[in-house]
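Colleague: I would like to learn how to read a model feature by feature. Could we begin with the fold and then move to the details?

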Amino acid sequence: MISAKRFAQLPSLLLTMATLPGLLSCRPETTAQPPAPQASPAEFVTRIQDEMVNLYREAETAYWVRATYITPDTALLAAKAGERELALTSRAVAEARRFAGVEMDSTTRRAIDRILLATAMPAPDDPAKQAELATIATDLEGLYGAGKACDAEGNCRQLPELKSVLRNSRDYDEQLQAWLDWRTISVPMRANYQRFVELTNDGARAFGYSDVGVMWKSGYDMPVADFEQEVERLWQQVAPLYNNLHCYVRSRLSDFYGADRVPEQGTIPAHLLGDMWAQDWSNIYPLVEPYPGASELNVSKALQKQDYTPLAMTKMAEGFFTSLGLPELPESFYQNSLLQKPRDRDVVCHASAWDMDNGNDPRIKQCVEPNAGELATLHHELGHIYYYLMYKNQPYLFKGGAHDGFHEAIGDTIVLAMTPAYLQKMGLVEATSNSYQATINAQMKMALEKIAFLPFGKLIDQWRWQVFSGATSAEHYNQDWWQLREQYQGVSAPVPRSEADFDPGAKYHIPANTPYTRYFLSYIIQFQFYKALCETAGATGPLHECSYYGSKAAGDKLGAMLAMGASQPWPEAMAMLTGDRRMDAAALQEYFQPLTTWLESQNRGKQCGW
């Protein structure tokens, strides 16, 4: 993911949203019109971009230090930087609103629209409230980053150790304890999060929106109601495949753990899916493998056996991008990135990509371990880095993804091309098989990651939209969270939960205030991107067998789209790469057609759903 905190998440910081054309003429009514502007729109854009560049380089450094050295001192530095950012963002928005109704060229209008939707964390106008919001935001992420669960003897475990239990253990009670332990770290966030919602909603109203959720949904080059319908349309396209996957997995888990613990009808206990948040089920693949032993691809074992270091794994990921003719990473990337968890201090291990100096100092923060998941994550993070590098020459306000889902999709588009044949070429697997059994096994592995994620990717912001709008009150935070988890994912808490808990805060993106619908969208459009690049590379045969590794033609097309940044509405970028102007799951459906047919046959006669 892109570096996610950032108090005023403008282009090189979070690159949140491509903006709505004509936004200035259709913004919600506010109580008073700002005074007429003194400078021209173009002059204003030039000046504010210069101010942003100067302040945000300093602020980004403070956030980097905070994320990689978690101490009270770095918290103070980050909070103070956040105050300055919030003040600049609020002032920039206030000034930009003065240009409502002013005639200007389309490029300047888009730049001003970018300012008006520049932050995922709008701050109130009151400087005291801005300072309070900056402190709360720093504290929330700090609680997550330093989170640990300690037993009565003082033995403590942090997230990596607890995740390892869920990844590797198949003991029901051991997994349950790890799941419960991590959720103790989010309980202290609850009061702060409630205040955070109040303050950011005040800010959203000052920006001209009814609440933060409406502001977030306004950044996709379409009216809010149309965007909500679009997200629902995409979900309906993929829901049948998810339901079939859920049905099959639930049956296998019931066989393994017993029907008393996993009934053959209803929801799946959330701690049994191999992941702290039940968003990625790939770790339980051995329990659900369709054809045991058919072309086993144990990339993790190969990485460990060959003593791959974090640096070597990162170089391998870079190699895919350079094979397409994209540039090598600057040396500063390797000098400044954090690729291993330090032994002497707390860091936020959640992987993220950072554009520290307007395209001149890109870096990642990831506690890399030698396994297949971390290798895929490296490719994902480098997707952000290459986006930074390719749109480096855009004006500052256009340094961003065509929309935020584009930024998340690029690296995963590369991961889809890491086929068995590619992995064999890299020396990570032995001879591969194209048999039917091997294909179904490979597709099951991919579906446990990509398809299992989709409802989770949708519901995170469903919950927040409800919170920001007031439909979910603070008294029902946890209740409504689990209602959505059950409704969309078909998973449930393994033990009763109450409003004394704050389970949403156990997911990084909630305390870090990172909009999440981008991930749902990215998991769909990455298949559109992948198919387009395969066609450009001249690939033949089934879509799931394509790797465009080494295709300069595919690299040229990808690089051209990346270089557009946020300078045009996202349908223009989509059309440049795919020839289509809308998001669609047809390529995803085509990719998984073999598995879809197989799952339907396996589930015949079972009562699917929950």
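Modeller: Start with the terms: helices (H or I, at least four residues) and strands (E, at least two) are DSSP runs, numbered from the N terminus. The chain has 24 helices and six strands. This is a predicted model, in which local features need pLDDT of at least 70, side-chain atom pairs count only at pLDDT 80 or more, and totals for chains, interfaces and linings use all residues. Residues are numbered from 1 along each chain as its sequence is written, and side-chain values use heavy atoms, with hydrogens and water left out.

Colleague: What radius of gyration does the chain have, and what would a compact globule have?

Modeller: The radius is taken over C-alpha atoms, and the globule rule is 2.2 Å times the number of residues to the power 0.38. For 610 residues a compact globule would come near 25 Å; the chain has 23 Å, which agrees. Along the principal axes, the C-alpha atoms fill a box of roughly 70 × 60 × 50 Å.

Colleague: What share of the residues is buried?

Modeller: Buried means under 20% relative accessible area, exposed over 50%, and partly exposed in between (1.4 Å probe, protein chains only). Of the 610 residues in the chain, 60% are buried. Among contacts with a separation of 6 or more, 79% join residues 24 or more positions apart.

Colleague: How do I read burial along a helix?

Modeller: An α-helix has 3.6 residues a turn, so residues three or four places apart point the same way. Now take helix H24 (residues 593-602): its buried residues are Leu595, Thr596, Trp598 and Leu599. Seen down the axis of H24, they fall within an arc of 165 degrees, so they line one face of the helix. That arc is of the directions from the helix axis to the C-beta atoms. Their cover includes helix H10 (224-257) and helix H18 (436-469).

Colleague: Which backbone angles deserve a look?

Modeller: Most residues other than glycine have a negative phi. Ala278 has a positive phi, near 55 degrees. Ala278 sits in the loop between strand S3 (268-269) and helix H11 (285-288) and is buried, at 0% relative accessible area. Asp307 also has a positive phi, of about 55 degrees. Asp307 lies in the loop between helix H12 (299-305) and helix H13 (310-323), but counts as exposed, at 61% relative accessibility.

Colleague: How many cavities of 30 Å³ or more are there?

Modeller: On a 1 Å grid over the protein atoms alone, a cavity is a set of points where a 1.4 Å probe fits but cannot get out; a pocket is an open set with protein on both sides within 12 Å along at least five of seven lines; lining residues have an atom within 4 Å of a point. Grid points are joined across faces, edges and corners, and a volume is the space filled by probe spheres set on the points. The count is five cavities of 30 Å³ or more. The second largest cavity holds about 60 Å³. Twelve residues line it, with Trp216, Tyr220, Asp461, Pro515 and Thr517 nearest its centre.

Colleague: What about the second largest pocket?

Modeller: The second largest pocket holds about 300 Å³. Of its 14 lining residues, Asn298, Ala302, Leu428, Val429 and Glu430 are closest to its centre.

Methods: Contact means heavy atoms within 4.5 Å.
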